[in-house]
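Subject: Structure handover

Hi,

Here is the model you asked about. My notes follow below it.

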Amino acid sequence: MTRHLLEEQRAGRINADLRLLIEVVARACKSISIAVGKGALGGVLGDAGSDGEASINVQGEAQKKLDVLSNEILMEANAWGGHLAGLASEEMDHSVPISDAQPRGNYLLLFDPLDGSSNIDVNISVGTIFSVLRCPDGVTTPGDEHFLQPGTAQVAAGYCTYGPSTMLVLTIGHGTHAFTLDREIGSFVLTQRGMTIPEETREFAVNMSNQRFWEAPMQAYVGDLLQGREGPRGKDFNMRWVASMVADVHRILTRGGIFSYPLDSKCAAKGGKLRLMYEANPMSLLVEQAGGAASTGRQRMLEVRPTGLHQRVPVFLGSRAEVEAAVRYHHEHDSQE
Ligand code: P6P
């Protein structure tokens with residue numbers, strides 16, 4: 001990965017500070033991979049909290065021990081990196097500015113330290129998602145408001161998936177590339193340059209148990225998928241749902257598909273289920289850089305104007321033609337209202 005990033009730096013597509021920041025995050029992901037890989041042997045499975053009291057995060061979700069540990073690993077790795085002005089995490093109510101005692105840089109790092117963590121205890125792939133923004137000029141102690149930049153402002157985005165192999169998938173705005181962790185030498189090795197999502201797909205990823213709660217356009221869209229070749233889409237579809245966004249998105253980046261977590265009546269009041277700043281935006285940049293598309297169903301994801309650090313949005317992303325089809329169902333529905 002170091003060689004790849006140095007080549008990007010020589011080509012003028014990245015500066016040393018951002019290169020070194022990405023390398024700090026990658027090293028933290030290696031540490032998380034080791035902790036996740038120990039499973040029950042590491043004494044870090046199960047819920048966080050003590051005396052039988054669950055630890056609840058800002059999302060109102062029970063934290064897993066590995067959620068807390070992963071967050072600590074990323075915080076500690078970046079505290080003395082010297083490339084950041086501030087950090088924000090799914091696991092923390094507010095962003096944290098780099099203190100005066102620590103070296104400061106010009107970037108803002110946002111992350112979901114361990115997404116899909118409900119899958120940890122059943123040994124299913126989980127992952128770390130991260131997004132990098134520039135700290136606004138003249139701001140030395142950034143607050144939450146300085147993180148509220150649209151996805152188009154990201155200078156880098158990536159995830160690390162802790163699966164059968166540990167893979168880090170990264171974009172700095174010039175394609176999406178995959179690196180596989182060689183555990184014997186402890187380095188991420190470039191294993192796929194220029195990931196490309198097929199334009200068309202026959203595979204969709206959604207949690208079907210929410211079907212009765214979906215909005216009408218989503219009901220119509222998925223209903224037509226399920227009719228297969230006898231229906232208006234004229235072809236049969238397959239379904240996958242890991243319930244770990246990193247695993248589902250990695251499959252789509254690798255072989256195509258559409259991933260959706262739409263609005264439903266359970267989460268509509270919150271704006272959706274998935275978080276914009278450190279789930280939807282980084283994943284959307286990776287997908288667009290691989291030739292795919294990403295939308296809320298009603299607008300391009302990367303153009304959403306953030307209003308809150310933990311803001312939630314509906315998500316459609318993946319094979320461009322299929323995302324456009326899903327968006328058409330929403331536009332046709334809305335235009336008839
Ligand atoms: P559900 C994991 O908690 C997560 O945030 C994403 O990784 C995943 O895609 C989604 O929620 C799964 O949600 O409702 O199917 O459990």
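The side chain of T171 has a polar atom 2.9 Å from the backbone nitrogen of G173. A polar atom of the T171 side chain also lies 2.7 Å from the backbone oxygen of G175. Both are polar contacts (N or O pairs within 3.5 Å; within protein, one atom must be able to donate a hydrogen and the other to accept it, and residues adjacent in sequence count only if both atoms are side-chain atoms).

This is a predicted model: local features need pLDDT of at least 70, side-chain atom pairs count only at pLDDT 80 or more, and totals for chains, interfaces and linings use all residues. Numbering runs from 1 along each chain as its sequence is written, and side-chain values use heavy atoms, with hydrogens and water left out.

T171 sits in strand β8. Strands are DSSP E runs of at least two residues and helices are H or I runs of at least four, numbered from the N terminus. T171 is buried, at 0% relative accessible area. Buried means under 20%, exposed over 50%, partly exposed in between (1.4 Å probe, protein chains only). Beyond its neighbours within four places in sequence, T171 is in contact (heavy atoms within 4.5 Å) with V155, A156, A157, T176, L285, L286 and Q289.

Next, the cores. A nonpolar core is a set of buried Ala, Val, Leu, Ile, Met, Phe, Trp, Tyr and Cys residues joined through side-chain atoms within 4.5 Å. The largest has 40 residues, and L18, I22, V132 and L168 touch the most other members. Elements giving two or more residues to this core include α2 (16-38), α3 (65-79) and β8 (166-171). Helix α2 gives the most, with ten residues. A second, separate core has 38 residues, among them A205, V246, Y261 and M283.

Now the ligand. It has 13 residues around it (a heavy atom within 4 Å), and D115, N207, W241, M245 and Y261 come nearest. Taken alone, the ligand exposes 400 Å², and the protein buries 83% of that. Areas come from the Shrake-Rupley method with a 1.4 Å probe; for residues, only the protein chains shown count as cover. Strands β13 (258-261) and β14 (274-275) each supply at least two shell residues.

Best wishes
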